[in-house]
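Subject: Structure for you to look at

Hi there,

Here is the structure I promised to pass on. Please open it alongside this note, and my findings follow below.

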Amino acid sequence: MEVGAPGKAAAGVKGVLVSLQRSLQQMGVARSVKTLPLLNQTGGFDCPGCAWPDPRESDGDTRKMAEFCENGAKAVAEEATTRTVGADFFARHPVSELARRSDYWLGQQGRLTQPMILHEGTDHYRPISWDGAFDVVAGELGRLDTPNEAAFYTSGRTSNEAAFLYQLMVRSFGTNNLPDCSNMCHESSGSALSETIGVGKGSVSLPDVESADLVLVVGQNPGTNHPRMLSSLEKVKQRGGSVVAVNPLPETGLMRFKNPQNLRGVVGDGTALADEFAQIRVGGDLVLFKTLGALLLRAEDAAPGTVLDHDFLEEHTHGFAPFAEQAREIDWQRVEVVTGLERRQIERIADMLAGSQRTIVCWAMGLTQHKQAVPTIREIVNVLLLRGMIGKPGAGVCPVRGHSNVQGDRTMGIWEKMPESFLSALDGEFGITSPREHGFDTVDTLRAMHAGRCRAFLGMGGNFLAATPDTEATESALRGCELTVQVSTKLNRSHVVPGRTALILPTLGRTERDTQASGDQFVTVEDSMSVVHGSRGRLRPVSSHLLSEVAIISRLARRVLGSEHPVAWESFERDYDRIREHIARVVPGCADYNERVRHPDGFVLPHPPRDSRTFPTATGRANFTVNTPEPIEVPEGRLLLQTLRSHDQYNTTIYGLSDRYRGIEDGRRVVLVNMTDITELGFSDGEVVDLVSEWPDGDGNVERRRAEAFRIVSYSTPRRCAAAYYPEANPLVPLDAVADESNTPVSKAVVVGLERRPDRR
Ligand SMILES: Nc1nc2c(c(=O)[nH]1)N[C@H]1C(S)=C(S)[C@@H](COP(=O)(O)OP(=O)(O)OC[C@H]3O[C@@H](n4cnc5c(=O)[nH]c(N)nc54)[C@H](O)[C@@H]3O)O[C@H]1N2
Ligand SMILES: Nc1nc2c(c(=O)[nH]1)N[C@H]1C(S)=C(S)[C@@H](COP(=O)(O)OP(=O)(O)OC[C@H]3O[C@@H](n4cnc5c(=O)[nH]c(N)nc54)[C@H](O)[C@@H]3O)O[C@H]1N2
Ligand code: SF4
Ligand SMILES: [Mo]
């Protein structure tokens, strides 16, 4: 492992070189030349990376020749690789051996090419026919005491068509157990926004972001995780706007951007981004936003009529008086301790808010994966409401989504607690009776597995084992299942920690041509800004045995639900327009779906707060809320650990071992700690330690979880805060550490100690 100085600017020529190198390594010249020009283009395929939107002609924007970033190119290379994993591979490698390999090694083996089964008591996956595989699933599901003993997970790459059919199959089978990656991701945003503005999605468009005069980027590392967002932040700066970054780490992508699309980015220094970098303590954001709200109210007191948007408050909000009554207090000493920020900086940011005509707040996992994530996001809404910063151009809330279709999957009904209006529309359309009892989310699925109440697991994409908290406990939960089924493109850890019987069902990726009886098909997706559009793969599938997700679900549904089932499953696989006809009638905002998704720009789903300042909340208005910060207790000698992504991974998929913006190369088992803490705790930079987390179990005992052998790296982070990569640090996250209301695992605030390893110095 090598540790050097962190990078000074994101992207630039280096980013372009890395994109090319990875593409050539995985796909070769011919396939690279065929693939990259179609990425994010009209008539091409949607980037399988993140959910950042594409420019639209309807907005007066044009798409560039290369409308993708370094990490988008890596995502494509990872999927469109020519390396394959077939029956011979599994014959050579027993599961017990694969289980000892790293996530990186597993992913690098290539694409899965044929259905495989692992029978009880054996150590090798063996080939099975598709029909044979569906028989096994139907048989095991049929043996359950109730449909609620099965859980059906979804990861956010699944297309709208597949997601719609999947939830239809699961509800027809008789359960709402539809946990998804969103439970671990933006669930907190959905909870907070539904309650306060009535819609659990962001309220801004791409032109809004680019025309804002103030953008706050809070708990998000766009240079790595949403790289094309930097082009939008660059536009904000070029138009005279300001950017505020709130983050414990000075992430390179928040500081300076070298846009490879223009000369300044190639030969110049690029564009400086953050005007203010607030290096906040992990978990300090609720107190920060409460203080910003207080300062706005005080500024209004000092100069009445100049700060608050009284018309907006009167016409569109509810609960302002009780909010304002408690909101003016500031205990500066406490604020400075909890946030780690200086009073002067918080006052400067408040001045920027008070002077801005168009403010947008963007956020991601640095906010959502905390115990008080939901109150924190509600507090951001409070601050925006004070100045009427919602439902007007250039202003609003912007939770930046992760997976490329995670938002679409929810729109299509992947949720353990879809509202009655959706369920009754679904029942009416298909003549089925959906269950009404809420299902298991991700954490509840794990709890149910431990309690023996969930005995069958099917994953539509994703890597449930590596993505979820408390890895050791999760392993035993999955091993305790009668059946685990993974519909996947690539080999991952969830395949090598099997239930009594385990199946791998390989599927087409988004880059690949999807040919069915009626001809080549396209699918649809929804980005982070509610734009729905088509995606058409063009590459020859990596194996002729692959089925599309739609085909897998349709065939499995026929087998599980029987030929008498009222849904015409066989019609869907032939022609995906048939699925979209149903989507048009069931899913709100999707009328004329087939027509509108064929528009080169797709269409934008309705969002009442954004479109007309109508707020479909319980009060019919945007709600102010009163939120009380709870201190996070970090005992002496302990650190507060956040788990995050390197520049060279996609969640549990490790593309490579280079986190170059943070100066870390050729290794991932690192823990970033402030130099003063390293010294005070009696360690030194470069030493290898175990991380041990501590969690009070409620009976007065402390549960200890250990992750071994992390190299200490001295890094710029606030005192008593630390950072390590996900998924390596997941064994430290207790299953019971969840966010209030959203039940999202608290992956950004784990109390840990560093422990000297017995075998070392
Ligand atoms: N290349 C690539 N792109 C991706 C992904 C990927 O793995 N690789 N994953 C996708 C997915 S599913 C998602 S959800 C997104 C994730 O996108 P991000 O949310 O950007 O991902 P993380 O790496 O978890 O980064 C969290 C950021 O929050 C900061 N942070 C941590 N704790 C706090 C806190 O208490 N307060 C504040 N203010 N900041 C904090 C961290 O320092 C870090 O910069 O990216 C998506 N895009
Ligand atoms: N400690 C900690 N834990 C976290 C997080 C964190 O920040 N810290 N982040 C959380 C977040 S935000 C998220 S979203 C989750 C991610 O959780 P998941 O979505 O479950 O994980 P991924 O790593 O994105 O899934 C990768 C796998 O998906 C499969 N795949 C890829 N493309 C396709 C496709 O087109 N179809 C199908 N069927 N399969 C496909 C491949 O086999 C690949 O191995 O992890 C969460 N876990
Ligand atoms: S910003 Fe996200 S969606 Fe856009 S090209 Fe990069 S990874 Fe793909
Ligand atoms: Mo995510």
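Let me start with a question: is Glu-741 buried, partly exposed or exposed? Its relative accessibility is 49%, so Glu-741 counts as partly exposed, since exposed would need over 50%. Please keep in mind that this is a predicted model.

Most residues other than glycine have a negative phi. You will find Glu-741 in the loop between strand 33 and strand 34.

That loop, between strand 33 (721-725) and strand 34 (750-756), also holds Pro-727. The peptide bond joining Tyr-726 and Pro-727 is cis, with omega about 5°. Most peptide bonds are trans.

Ala-709 is another residue other than glycine with a positive phi, here near 60°. Ala-709 sits in strand 32, which covers residues 702-714. Its relative accessible area is 23%, so Ala-709 is partly exposed, as buried would mean under 20%.

Now to ligand 3. The residues around ligand 3 include three cysteines, Cys-47, Cys-50 and Cys-69. Asn-40, Gly-49, Phe-68, Gly-72, Pro-227 and Arg-228 are also around ligand 3. By class, this shell has 5 nonpolar, 3 polar and 1 charged residues. Arg-228 is the charged one.

Best wishes

Note on methods
Residues are numbered from 1 along each chain as its sequence is written. Chains are lettered from A and ligands numbered from 1 in the order in which they are written. This is a predicted model: local features need pLDDT of at least 70, side-chain atom pairs count only at pLDDT 80 or more; totals for chains, interfaces and linings use all residues. Side-chain values use heavy atoms; hydrogens and water are left out. A residue is near a molecule or strand if one of its heavy atoms lies within 4 Å of it. Helices (H or I, at least four residues) and strands (E, at least two) are DSSP runs, numbered from the N terminus. Buried means under 20% relative accessible area, exposed over 50%, partly exposed in between (1.4 Å probe, protein chains only).
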